[in-house]
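Hi everyone, thanks for coming. Let's take a friendly walk through one structure together, starting on the inside. Have a look at the picture first.

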Amino acid sequence: MPGERAGATTDRLTRRQAELLDQLEQLFLAEGFARFTLEDLAVRLHCSKSTLYALAGSKEQLASRVIRHFFRKATAAVEARTATERDPALRVTAYLAAVARALAPASPAFYRDLDAFPPGRAVYERNTASAAERVRELIAEGVAQGRFREVHPALVADTVSTLVFRIGRGDTARATGLDDAAAYRELAALLLHGISL
């Protein structure tokens, strides 16, 4: 999944700040973030604006921080789930299922705001590119172990990346009626059917 590293925070948070970051993440994922002012967020989280300013110097910086926080946690969860599988086919399936699970809380409003917010979109695109690279690695490992037929891992990963972008933007749901989790399951099945021996 995504490329935000688990230990990438540059400063230490107090317990209250860590809680606020998690609460902001939940709020943004559920409702988006563009429409909120810092004052709105302070009211919703029962804190002062100065408490939010301690996390970031502006609303835009706060949104960026929360987005990075979300993808950092998602990356750690996906990699932890994938690490438990040894069979290449199960690893690819586990990876895509874990991506679906990690991204499931993100609402269409979150994705709309993310797409309209260049710094957030950059984080999303970087993480999607990292996910595609991870899929490429998993496929290459499976080919090397003789578990998958000879395929071009980078082409397969690029195809996966394109669909991951479409799923994230809601394009796949609009075109197929599948929710994100179902789309990721179908992607895993399609991928494994196409590359398995």
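The lining of the second largest cavity has eight nonpolar residues, two polar and no charged. Here Ala, Val, Leu, Ile, Met, Phe, Trp, Tyr, Cys and Pro count as nonpolar, Asp, Glu, Lys and Arg as charged, and the others, Gly among them, as polar. Before going on: this is a predicted model, where local features need pLDDT of at least 70, side-chain atom pairs count only at pLDDT 80 or more, and totals for chains, interfaces and linings use all residues. Residues are numbered from 1 along each chain as its sequence is written, and side-chain values use heavy atoms, with hydrogens and water left out.

What do we call a cavity? On a 1 Å grid over the protein atoms alone, a cavity is a set of points where a 1.4 Å probe fits but cannot get out, while a pocket is an open set with protein on both sides within 12 Å along at least five of seven lines; lining residues have an atom within 4 Å of a point. The second largest cavity holds about 40 Å³ of space, the volume being the space filled by probe spheres set on the points, which are joined across faces, edges and corners. Among its lining residues are Tyr95, Leu96, Thr128 and Ser161. Two or more lining residues come from each of α5, α7 and α8, and α7 gives the most, with four. These helices are DSSP runs (H or I, at least four residues; strands are E, at least two), numbered from the N terminus.

Now, how many of the 16 residues of α5 are buried? Twelve, so α5 is mostly covered, where buried means under 20% relative accessible area with a 1.4 Å probe, protein chains only. Tyr95, Leu96 and Val99 are among the buried ones, and these three also line that cavity. The cover over the buried residues of α5 includes α4, α6, α7, α8 and α10, by contact, meaning heavy atoms within 4.5 Å. At the start of α5, a side-chain oxygen of Asp87 comes to within 3.1 Å of the backbone nitrogen of Leu90.

Ala182 is itself buried, as are Tyr184 and Leu187, among others in α10.

Finally, the largest pocket, with about 210 Å³ of space. Its 13 lining residues include Pro108 and Tyr111, which are among the closest to its centre. Helix α6 gives the most to this lining, with four residues.

Definitions and conventions
Buried < 20%, exposed > 50% of the residue type's maximum accessible area, 1.4 Å probe, protein only. Polar contact = N/O pair within 3.5 Å; in protein donor to acceptor, adjacent residues only side chain to side chain.
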